[in-house]
Every structure is written in structure tokens, then in C-alpha cells.
Amino acid sequence: MKKIKRKLCFAVFIILIITGSSYAHTLFANTDSNNDGTATITGMFSDGSSAAGLEFRLEDTKGKILLKDKMDQFGEYTFKIPDIPYFIIIDGGSGHNIREKGPKK
């Protein structure tokens, strides 16, 4: 299922680049469980630029920050999956933010 999700995200990304739509600089993210209690999130803009250096954080359902750091030089971040429900947030600046439910262990 995760491979299908990744392929679908990649296909949407390619379509947006080819069509030159108004979503020319949308931030996308893909999160995969590593099956060892950790997950890796990869971020990329629809114009092909990396999410390298963007602020990354995990928040619980009440907005409490569980983890705050920056994406690495490849636009990736690997983290230990919390034992509680949480959200993944990538801050790409004005209008370029992602907030999605994080995977469970």
C-alpha cells in the first residue's frame, strides 16, 4: 500500500511539473514506516526543489510539540514514532505548510 501511495504521489508530482499548473510550488511529503519503530518523511516542492532545511516538527493532538528539528540536506527526516496519536508538520513558509497524521508503530 505504501509503495502505491509513493507512486501515486510521484505521478501527481510529474503531472504538475508537465502541465505547469497553478500549483507550481506546492509542498508535498511522503512518510513511510521503517518497521523498526521509526518513520522517514521526505519533502519536496512540485517544482523539483528539495525541502532541505525546512522546519519539521511532531505535535500531539492538542498542539504540544513533541519534536522540533530541520529536514536534512536531502529533504528527509527520520524519527522515532511516538506512542500517542500525532501530526507531522513541515513549515515551508507562507502558504507552503503540510500537516498530516503520522503513521503508527
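The legends below describe close-up views of a predicted model.

**View 1. An open sheet of 3 strands.** The strands follow the order E1-E2-E5 and their pairing is antiparallel. Strand E1 (27-33) and strand E5 (76-80) stand at the edges; each has a single partner strand, so one side of each is left without a neighbour in the sheet. From one strand to the next, the twist averages 20°.

**View 2. The pairing of E1 with E2.** Strand E2 covers residues 38-45 and pairs with E1 in the antiparallel sense over 7 bridges. Within this pairing, Phe28 stands opposite Met44 in E2. Strands of a sheet pair through backbone hydrogen bonds, either parallel or antiparallel.

**View 3. A network of salt bridges.** The residues linked in this network are Glu55, Arg57, Glu59 and Lys68. The structure holds 4 salt bridges; among them are the contacts shown in the next two views.

**View 4. Arg57 and its two glutamate contacts.** Arg57 forms a salt bridge with Glu55, with the closest N and O atoms 2.7 Å apart. Arg57 also forms a salt bridge with Glu59, where the closest N and O atoms are 2.8 Å apart. Arg57 has a relative accessible area of 17% and is therefore buried, the cut-off for buried being under 20%. Glu59 is buried too, whereas Glu55, at 21% relative accessibility, counts as partly exposed.

**View 5. The salt bridge between Glu55 and Lys68.** The closest N and O atoms of this pair are 3.8 Å apart. Lys68 is exposed, with a relative accessible area of 52%.

Notes: Residues are numbered from 1 along each chain as its sequence is written. This is a predicted model: local features need pLDDT of at least 70, side-chain atom pairs count only at pLDDT 80 or more; totals for chains, interfaces and linings use all residues. Side-chain values use heavy atoms; hydrogens and water are left out. Two strands pair if DSSP finds at least two bridges between them. Helices (H or I, at least four residues) and strands (E, at least two) are DSSP runs, numbered from the N terminus. Axes are lines fitted to C-alpha atoms, for helices over the stretch in contact, and angles run from 0 to 180 degrees between N-to-C directions. A salt bridge is a side-chain nitrogen of Lys or Arg within 4 Å of a carboxyl oxygen of Asp or Glu. Buried means under 20% relative accessible area, exposed over 50%, partly exposed in between (1.4 Å probe, protein chains only).
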